[in-house]
Amino acid sequence: MNPYAPDQIAGRRVVIDRLDRDGAALAALLRDRGADVAIADHAPDVEPPDGCTLVHERLAAVQRADLLLVDCWTPETAPHVVAARERGCLADLVLHEWPGPVLGVTGTAGKTTTARLLAHLLEGAGWDVVIPPTGRAENAWPSADTLADLADGRRPDLLVVELTSTHLAYMSASPQIAVVTSLWPDHAELHGGEGRYFAAKQRILVHQEPGDTAVLPVGADVLVPREGVHVVRFDDDPVGVTLGALGVDVDPDDRAAFRAPPWRGEEIGRVDGVPVHHDGMAATPSKAAAFTRALPDRSAILIVGGIAETDAGPVHAAPGEQRLLREACAELARAGRRIVLVGPAASRVAPLLAQSGAEDVAIGPDLHWAVGEALRDVAGASAIAWVPAFPVELADRERFAELVATAAGPRWVAKERT
(Lines give C-alpha, C1' and ligand atoms only; values in the text may rest on other atoms or scores of the structure.)
Protein backbone atom coordinates (compact mmCIF):
# COMPACT_ATOMS: atom_id res chain seq x y z
CA MET A 1 0.00 0.00 0.00
CA ASN A 2 1.24 3.49 -0.89
CA PRO A 3 0.71 5.69 2.20
CA TYR A 4 1.03 8.86 0.09
CA ALA A 5 -1.60 7.99 -2.54
CA PRO A 6 -4.55 10.40 -2.83
CA ASP A 7 -6.99 7.91 -1.32
CA GLN A 8 -4.69 7.47 1.68
CA ILE A 9 -3.60 11.07 2.26
CA ALA A 10 -6.80 13.06 1.62
CA GLY A 11 -8.15 14.66 4.78
CA ARG A 12 -5.12 13.80 6.90
CA ARG A 13 -3.21 16.36 8.93
CA VAL A 14 0.39 16.36 7.65
CA VAL A 15 3.36 18.28 9.05
CA ILE A 16 6.52 18.99 7.02
CA ASP A 17 9.47 20.07 9.16
CA ARG A 18 11.58 22.06 6.65
CA LEU A 19 10.45 24.62 4.11
CA ASP A 20 13.13 24.73 1.44
CA ARG A 21 12.63 24.17 -2.29
CA ASP A 22 12.12 20.43 -1.80
CA GLY A 23 9.82 20.89 1.19
CA ALA A 24 7.69 23.39 -0.71
CA ALA A 25 7.30 20.98 -3.65
CA LEU A 26 6.35 18.16 -1.29
CA ALA A 27 3.85 20.38 0.54
CA ALA A 28 2.19 21.42 -2.72
CA LEU A 29 1.91 17.83 -3.91
CA LEU A 30 0.28 16.65 -0.68
CA ARG A 31 -2.01 19.71 -0.62
CA ASP A 32 -3.20 18.84 -4.12
CA ARG A 33 -3.98 15.33 -2.89
CA GLY A 34 -6.30 16.73 -0.25
CA ALA A 35 -4.07 16.76 2.82
CA ASP A 36 -4.26 19.47 5.48
CA VAL A 37 -0.59 20.57 5.31
CA ALA A 38 1.26 22.49 7.99
CA ILE A 39 4.93 23.44 7.66
CA ALA A 40 6.73 23.61 11.00
CA ASP A 41 9.92 25.50 10.25
CA HIS A 42 11.42 28.17 12.48
CA ALA A 43 13.42 29.78 9.65
CA PRO A 44 11.91 28.91 6.27
CA ASP A 45 13.99 29.50 3.15
CA VAL A 46 11.01 29.96 0.80
CA GLU A 47 7.39 31.07 0.97
CA PRO A 48 4.86 28.38 1.89
CA PRO A 49 2.66 27.21 -1.01
CA ASP A 50 -0.87 28.58 -1.13
CA GLY A 51 -3.20 26.58 1.07
CA CYS A 52 -0.41 25.38 3.39
CA THR A 53 -0.03 26.77 6.92
CA LEU A 54 3.31 27.92 8.33
CA VAL A 55 3.58 27.26 12.08
CA HIS A 56 6.44 27.79 14.52
CA GLU A 57 5.55 25.43 17.38
CA ARG A 58 6.91 22.27 15.80
CA LEU A 59 6.30 19.83 18.65
CA ALA A 60 2.73 20.98 19.22
CA ALA A 61 1.98 20.78 15.51
CA VAL A 62 3.33 17.24 15.28
CA GLN A 63 1.35 16.12 18.32
CA ARG A 64 -1.85 17.14 16.51
CA ALA A 65 -0.81 15.61 13.17
CA ASP A 66 -1.48 12.25 11.57
CA LEU A 67 1.79 12.15 9.63
CA LEU A 68 5.20 13.85 9.84
CA LEU A 69 7.35 14.26 6.73
CA VAL A 70 10.94 14.97 7.76
CA ASP A 71 13.90 16.70 6.17
CA CYS A 72 16.83 14.55 5.06
CA TRP A 73 18.95 15.70 8.03
CA THR A 74 16.32 15.52 10.76
CA PRO A 75 17.66 13.25 13.54
CA GLU A 76 15.59 10.32 14.74
CA THR A 77 16.16 11.56 18.28
CA ALA A 78 14.51 14.98 17.72
CA PRO A 79 11.56 15.51 20.11
CA HIS A 80 9.09 16.14 17.30
CA VAL A 81 10.16 12.91 15.56
CA VAL A 82 9.77 10.90 18.75
CA ALA A 83 6.30 12.41 19.19
CA ALA A 84 5.14 11.59 15.66
CA ARG A 85 2.53 8.86 15.21
CA GLU A 86 3.62 8.14 11.63
CA ARG A 87 6.58 9.50 9.73
CA GLY A 88 8.10 9.45 6.28
CA CYS A 89 10.14 11.59 3.91
CA LEU A 90 10.25 12.80 0.32
CA ALA A 91 12.50 9.88 -0.67
CA ASP A 92 9.97 7.40 0.70
CA LEU A 93 7.22 8.95 -1.40
CA VAL A 94 9.39 8.78 -4.52
CA LEU A 95 10.24 5.11 -4.04
CA HIS A 96 6.59 4.24 -3.44
CA GLU A 97 5.43 6.03 -6.59
CA TRP A 98 8.21 5.84 -9.18
CA PRO A 99 6.72 3.82 -12.06
CA GLY A 100 9.93 2.06 -13.13
CA PRO A 101 13.01 0.48 -11.56
CA VAL A 102 15.03 2.44 -8.98
CA LEU A 103 18.71 2.07 -8.17
CA GLY A 104 19.40 3.42 -4.67
CA VAL A 105 22.89 4.04 -3.31
CA THR A 106 23.77 4.32 0.36
CA GLY A 107 26.93 3.84 2.43
CA THR A 108 29.08 5.64 4.96
CA ALA A 109 31.22 7.13 2.18
CA GLY A 110 31.13 7.28 -1.59
CA LYS A 111 27.37 7.59 -2.09
CA THR A 112 27.29 10.68 -4.27
CA THR A 113 30.25 9.79 -6.47
CA THR A 114 29.01 6.21 -6.93
CA ALA A 115 25.48 7.33 -7.82
CA ARG A 116 26.62 9.97 -10.29
CA LEU A 117 29.28 7.72 -11.84
CA LEU A 118 26.72 4.92 -12.34
CA ALA A 119 24.29 7.36 -13.99
CA HIS A 120 27.09 8.74 -16.20
CA LEU A 121 28.22 5.29 -17.35
CA LEU A 122 24.69 3.98 -17.93
CA GLU A 123 23.86 7.03 -20.02
CA GLY A 124 27.03 6.44 -22.01
CA ALA A 125 25.84 2.86 -22.59
CA GLY A 126 22.59 4.18 -24.06
CA TRP A 127 20.28 4.00 -21.05
CA ASP A 128 17.72 6.69 -20.35
CA VAL A 129 18.59 7.59 -16.75
CA VAL A 130 17.12 10.14 -14.34
CA ILE A 131 19.26 11.32 -11.41
CA PRO A 132 18.37 14.33 -9.20
CA PRO A 133 20.41 17.32 -10.42
CA THR A 134 20.03 19.80 -7.58
CA GLY A 135 20.80 18.12 -4.25
CA ARG A 136 22.60 20.04 -1.52
CA ALA A 137 26.36 19.96 -2.15
CA GLU A 138 25.53 18.16 -5.42
CA ASN A 139 24.25 15.11 -3.57
CA ALA A 140 21.90 12.91 -5.60
CA TRP A 141 19.09 12.92 -3.04
CA PRO A 142 15.47 12.72 -4.25
CA SER A 143 14.38 16.31 -4.68
CA ALA A 144 11.75 18.70 -6.01
CA ASP A 145 13.00 17.85 -9.49
CA THR A 146 12.26 14.18 -8.85
CA LEU A 147 8.71 15.08 -7.82
CA ALA A 148 8.39 17.12 -11.03
CA ASP A 149 9.52 14.12 -13.08
CA LEU A 150 6.87 12.04 -11.33
CA ALA A 151 4.19 14.60 -12.13
CA ASP A 152 5.32 14.73 -15.76
CA GLY A 153 4.97 10.97 -16.09
CA ARG A 154 8.64 10.33 -16.90
CA ARG A 155 9.36 6.66 -17.69
CA PRO A 156 13.13 6.33 -18.06
CA ASP A 157 14.98 3.03 -18.01
CA LEU A 158 16.20 3.74 -14.48
CA LEU A 159 15.98 6.27 -11.65
CA VAL A 160 19.26 6.58 -9.71
CA VAL A 161 19.11 8.17 -6.24
CA GLU A 162 21.35 8.57 -3.23
CA LEU A 163 19.80 7.56 0.10
CA THR A 164 21.54 8.68 3.27
CA SER A 165 20.82 7.11 6.67
CA THR A 166 18.49 9.95 7.56
CA HIS A 167 16.38 9.10 4.55
CA LEU A 168 16.39 5.40 5.25
CA ALA A 169 15.42 5.75 8.91
CA TYR A 170 12.03 7.06 7.82
CA MET A 171 11.41 4.88 4.78
CA SER A 172 8.90 2.09 4.15
CA ALA A 173 10.08 1.23 0.63
CA SER A 174 13.33 -0.08 -0.87
CA PRO A 175 14.86 0.29 -4.34
CA GLN A 176 14.85 -2.69 -6.68
CA ILE A 177 18.63 -2.34 -6.95
CA ALA A 178 20.24 -1.46 -3.60
CA VAL A 179 23.94 -0.53 -3.52
CA VAL A 180 25.85 -0.10 -0.24
CA THR A 181 29.25 1.44 -0.94
CA SER A 182 30.84 1.05 2.52
CA LEU A 183 29.84 0.71 6.15
CA TRP A 184 31.40 1.86 9.41
CA PRO A 185 30.13 3.88 12.40
CA ASP A 186 29.04 7.42 11.50
CA HIS A 187 26.28 9.92 12.28
CA ALA A 188 25.38 7.90 15.39
CA GLU A 189 24.15 11.06 17.13
CA LEU A 190 21.42 11.45 14.49
CA HIS A 191 20.04 8.00 15.22
CA GLY A 192 20.55 7.46 18.95
CA GLY A 193 23.54 5.11 18.76
CA GLU A 194 25.70 3.04 16.44
CA GLY A 195 23.24 0.16 16.42
CA ARG A 196 20.44 2.38 15.21
CA TYR A 197 22.71 3.87 12.53
CA PHE A 198 23.40 0.38 11.17
CA ALA A 199 19.70 -0.43 11.43
CA ALA A 200 18.91 2.63 9.30
CA LYS A 201 21.35 1.45 6.63
CA GLN A 202 19.73 -2.00 6.72
CA ARG A 203 16.42 -0.45 5.71
CA ILE A 204 17.60 -0.11 2.12
CA LEU A 205 17.18 -3.90 1.99
CA VAL A 206 14.15 -4.45 4.25
CA HIS A 207 11.44 -3.95 1.64
CA GLN A 208 13.17 -5.54 -1.33
CA GLU A 209 11.33 -8.39 -3.02
CA PRO A 210 12.51 -11.70 -4.49
CA GLY A 211 14.33 -11.01 -7.75
CA ASP A 212 15.63 -7.61 -6.62
CA THR A 213 19.38 -7.03 -6.40
CA ALA A 214 21.63 -6.07 -3.46
CA VAL A 215 25.24 -4.98 -4.11
CA LEU A 216 27.07 -5.18 -0.79
CA PRO A 217 30.64 -4.84 0.56
CA VAL A 218 32.47 -8.01 1.51
CA GLY A 219 32.45 -8.34 5.29
CA ALA A 220 29.42 -6.12 5.93
CA ASP A 221 27.72 -8.90 7.88
CA VAL A 222 25.40 -6.49 9.68
CA LEU A 223 23.50 -6.09 6.39
CA VAL A 224 21.10 -9.00 5.92
CA PRO A 225 19.35 -9.28 2.53
CA ARG A 226 15.91 -10.83 2.24
CA GLU A 227 15.45 -14.34 0.95
CA GLY A 228 15.21 -14.47 -2.83
CA VAL A 229 17.18 -11.27 -3.41
CA HIS A 230 20.14 -11.58 -5.79
CA VAL A 231 23.20 -10.65 -3.72
CA VAL A 232 26.48 -9.53 -5.30
CA ARG A 233 29.55 -8.79 -3.16
CA PHE A 234 32.52 -6.53 -3.98
CA ASP A 235 35.91 -5.76 -2.46
CA ASP A 236 36.71 -2.31 -3.82
CA ASP A 237 34.59 -1.45 -6.89
CA PRO A 238 30.85 -1.15 -6.27
CA VAL A 239 30.39 0.58 -9.62
CA GLY A 240 31.91 -2.22 -11.70
CA VAL A 241 30.06 -4.91 -9.78
CA THR A 242 26.75 -3.06 -10.11
CA LEU A 243 27.20 -2.64 -13.85
CA GLY A 244 28.00 -6.35 -14.10
CA ALA A 245 24.82 -7.20 -12.20
CA LEU A 246 22.89 -5.07 -14.70
CA GLY A 247 24.62 -6.79 -17.61
CA VAL A 248 26.14 -3.53 -18.87
CA ASP A 249 29.51 -3.16 -20.57
CA VAL A 250 30.93 0.37 -20.54
CA ASP A 251 33.59 2.16 -22.52
CA PRO A 252 36.67 2.67 -20.29
CA ASP A 253 37.01 6.15 -21.78
CA ASP A 254 33.58 7.04 -20.34
CA ARG A 255 34.79 6.17 -16.86
CA ALA A 256 38.02 8.10 -17.34
CA ALA A 257 36.05 11.15 -18.53
CA PHE A 258 33.85 11.27 -15.42
CA ARG A 259 34.41 14.30 -13.20
CA ALA A 260 33.61 13.69 -9.53
CA PRO A 261 31.26 16.12 -7.76
CA PRO A 262 33.03 19.15 -6.24
CA TRP A 263 34.54 19.51 -2.78
CA ARG A 264 35.64 15.90 -2.61
CA GLY A 265 39.41 16.23 -2.66
CA GLU A 266 39.70 18.05 -5.98
CA GLU A 267 42.59 20.39 -6.74
CA ILE A 268 41.09 23.87 -7.08
CA GLY A 269 44.27 25.79 -7.84
CA ARG A 270 47.82 26.50 -6.73
CA VAL A 271 49.55 28.91 -4.40
CA ASP A 272 53.22 29.47 -5.23
CA GLY A 273 52.98 26.29 -7.29
CA VAL A 274 51.67 24.18 -4.37
CA PRO A 275 48.34 22.42 -5.13
CA VAL A 276 45.34 23.43 -3.01
CA HIS A 277 42.76 20.70 -2.43
CA HIS A 278 39.13 21.26 -1.41
CA ASP A 279 38.00 18.21 0.55
CA GLY A 280 35.29 20.08 2.42
CA MET A 281 32.88 17.14 2.13
CA ALA A 282 35.27 15.06 4.27
CA ALA A 283 33.12 15.64 7.35
CA THR A 284 34.11 12.37 9.03
CA PRO A 285 37.47 11.12 10.34
CA SER A 286 37.70 8.25 7.85
CA LYS A 287 37.08 10.51 4.85
CA ALA A 288 39.76 12.93 6.01
CA ALA A 289 42.22 10.08 6.58
CA ALA A 290 41.47 8.61 3.15
CA PHE A 291 42.65 11.79 1.45
CA THR A 292 45.84 12.20 3.47
CA ARG A 293 47.05 8.59 2.98
CA ALA A 294 48.42 9.50 -0.43
CA LEU A 295 50.57 12.32 1.00
CA PRO A 296 54.24 11.90 1.99
CA ASP A 297 55.22 12.09 5.66
CA ARG A 298 55.31 15.55 7.22
CA SER A 299 54.70 17.20 3.86
CA ALA A 300 51.26 18.85 3.78
CA ILE A 301 49.57 21.88 5.28
CA LEU A 302 46.19 20.70 6.55
CA ILE A 303 43.14 22.65 7.73
CA VAL A 304 41.09 20.51 10.12
CA GLY A 305 38.05 21.03 12.35
CA GLY A 306 34.48 22.21 12.30
CA ILE A 307 31.25 21.67 14.23
CA ALA A 308 31.63 19.51 17.35
CA GLU A 309 27.99 19.36 18.43
CA THR A 310 24.61 19.55 16.70
CA ASP A 311 21.06 19.61 18.02
CA ALA A 312 21.27 15.81 18.08
CA GLY A 313 24.31 15.81 20.39
CA PRO A 314 28.12 15.59 20.20
CA VAL A 315 29.56 14.62 16.81
CA HIS A 316 31.81 11.53 16.46
CA ALA A 317 31.14 10.62 20.10
CA ALA A 318 30.03 6.98 19.78
CA PRO A 319 32.73 4.43 20.71
CA GLY A 320 33.35 3.29 17.14
CA GLU A 321 33.51 6.87 15.90
CA GLN A 322 35.97 7.84 18.65
CA ARG A 323 38.24 5.00 17.55
CA LEU A 324 38.08 6.21 13.94
CA LEU A 325 38.85 9.77 15.08
CA ARG A 326 41.97 8.60 16.95
CA GLU A 327 43.12 6.67 13.88
CA ALA A 328 42.46 9.65 11.60
CA CYS A 329 44.39 12.02 13.88
CA ALA A 330 47.36 9.66 13.75
CA GLU A 331 47.21 9.79 9.94
CA LEU A 332 46.86 13.58 9.93
CA ALA A 333 49.86 13.87 12.26
CA ARG A 334 51.89 11.64 9.95
CA ALA A 335 51.10 13.63 6.79
CA GLY A 336 50.93 17.12 8.27
CA ARG A 337 53.89 19.46 8.17
CA ARG A 338 51.63 22.08 9.72
CA ILE A 339 48.08 21.49 10.93
CA VAL A 340 45.69 24.41 11.33
CA LEU A 341 42.75 23.65 13.64
CA VAL A 342 39.55 25.65 13.49
CA GLY A 343 36.13 25.73 15.11
CA PRO A 344 34.75 24.02 18.22
CA ALA A 345 36.13 20.65 17.09
CA ALA A 346 39.68 21.95 17.55
CA SER A 347 39.55 21.12 21.25
CA ARG A 348 38.67 17.51 20.39
CA VAL A 349 41.40 17.12 17.77
CA ALA A 350 44.36 18.92 19.39
CA PRO A 351 45.02 16.38 22.20
CA LEU A 352 44.81 13.46 19.76
CA LEU A 353 47.27 15.13 17.38
CA ALA A 354 49.65 15.74 20.29
CA GLN A 355 49.44 12.07 21.28
CA SER A 356 50.32 11.14 17.68
CA GLY A 357 53.40 13.38 17.62
CA ALA A 358 52.18 16.35 15.57
CA GLU A 359 54.71 19.14 16.02
CA ASP A 360 53.36 22.29 14.34
CA VAL A 361 49.71 22.86 15.28
CA ALA A 362 47.90 26.21 15.26
CA ILE A 363 44.40 26.87 16.62
CA GLY A 364 42.15 29.74 15.58
CA PRO A 365 38.55 30.98 15.41
CA ASP A 366 37.23 30.51 11.87
CA LEU A 367 37.92 29.37 8.32
CA HIS A 368 38.96 32.86 7.18
CA TRP A 369 41.72 32.90 9.77
CA ALA A 370 42.64 29.27 9.05
CA VAL A 371 43.19 29.91 5.34
CA GLY A 372 45.46 32.85 6.07
CA GLU A 373 47.44 30.80 8.57
CA ALA A 374 47.74 27.87 6.16
CA LEU A 375 49.17 30.10 3.42
CA ARG A 376 51.69 31.82 5.68
CA ASP A 377 54.62 29.64 4.54
CA VAL A 378 53.98 27.06 1.82
CA ALA A 379 57.44 26.64 0.29
CA GLY A 380 58.28 22.95 -0.11
CA ALA A 381 54.82 21.66 0.87
CA SER A 382 53.38 18.75 -1.09
CA ALA A 383 49.83 20.12 -0.76
CA ILE A 384 47.55 22.52 1.06
CA ALA A 385 44.30 20.75 1.91
CA TRP A 386 41.07 21.44 3.76
CA VAL A 387 40.13 18.09 5.34
CA PRO A 388 37.75 19.08 8.16
CA ALA A 389 36.98 15.59 9.57
CA PHE A 390 33.94 17.25 11.21
CA PRO A 391 30.75 18.76 9.79
CA VAL A 392 31.04 22.28 8.39
CA GLU A 393 28.56 24.83 7.14
CA LEU A 394 27.56 24.63 3.49
CA ALA A 395 28.43 28.33 3.15
CA ASP A 396 32.04 27.59 4.15
CA ARG A 397 32.30 24.90 1.47
CA GLU A 398 30.99 27.34 -1.10
CA ARG A 399 33.41 30.14 -0.17
CA PHE A 400 36.62 28.19 0.51
CA ALA A 401 38.13 28.84 -2.93
CA GLU A 402 37.30 32.55 -2.64
CA LEU A 403 38.96 32.72 0.78
CA VAL A 404 42.12 31.11 -0.62
CA ALA A 405 42.19 33.44 -3.64
CA THR A 406 41.77 36.51 -1.44
CA ALA A 407 44.40 35.46 1.08
CA ALA A 408 46.93 34.44 -1.59
CA GLY A 409 46.44 37.40 -3.90
CA PRO A 410 48.76 37.24 -6.95
CA ARG A 411 50.27 33.98 -5.64
CA TRP A 412 47.00 32.20 -6.51
CA VAL A 413 46.35 30.45 -9.83
CA ALA A 414 42.86 28.92 -10.05
CA LYS A 415 42.26 25.63 -11.81
CA GLU A 416 39.25 25.59 -14.10
CA ARG A 417 36.69 22.84 -13.61
CA THR A 418 36.02 20.80 -16.73
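Modeller: Helix H2 gives the largest share of the lining of the largest cavity, three residues. This is a predicted model, in which local features need pLDDT of at least 70 and side-chain atom pairs count only at pLDDT 80 or more, while totals for chains, interfaces and linings use all residues. Residues are numbered from 1 along each chain as its sequence is written, and side-chain values use heavy atoms, leaving out hydrogens and water.

Colleague: What makes a space a cavity and not a pocket?

Modeller: On a 1 Å grid over the protein atoms alone, a cavity is a set of points where a 1.4 Å probe fits but cannot get out; a pocket is an open set with protein on both sides within 12 Å along at least five of seven lines.

Colleague: Which residues lie nearest the centre of the largest cavity?

Modeller: Asp 22, Val 70, Asp 71, Cys 72 and Leu 90, out of 18 lining residues. Lining residues have an atom within 4 Å of a point. Helix H2 (21-32), strand S4 (67-70) and helix H5 (90-97) each give two or more of them.

Colleague: How much space lies in the second largest pocket, and what lines it?

Modeller: About 210 Å³, where a volume is the space filled by probe spheres set on the points. Leu 95, Trp 98, His 207 and Glu 209 are among its lining residues.

Colleague: Why is S7 called a strand?

Modeller: A strand is a DSSP run (E) of at least two residues, and S7 is 129-130, so S7 qualifies.

Colleague: How do you know that S7 pairs with S8?

Modeller: Pairing takes at least two bridges found by DSSP, and two join S7 to S8 (158-162), so they pair. Val 130 has Leu 159 as its bridge partner in S8.

Colleague: What is the strand order in the open sheet?

Modeller: S7-S8-S6-S9-S10-S11, six strands with parallel pairing. S7 and S11 (230-234) each have a single partner strand, so one side of each is left without a neighbour in the sheet.

Conventions:
Helix = DSSP H or I, 4+ residues; strand = E, 2+ residues; numbered from the N terminus.
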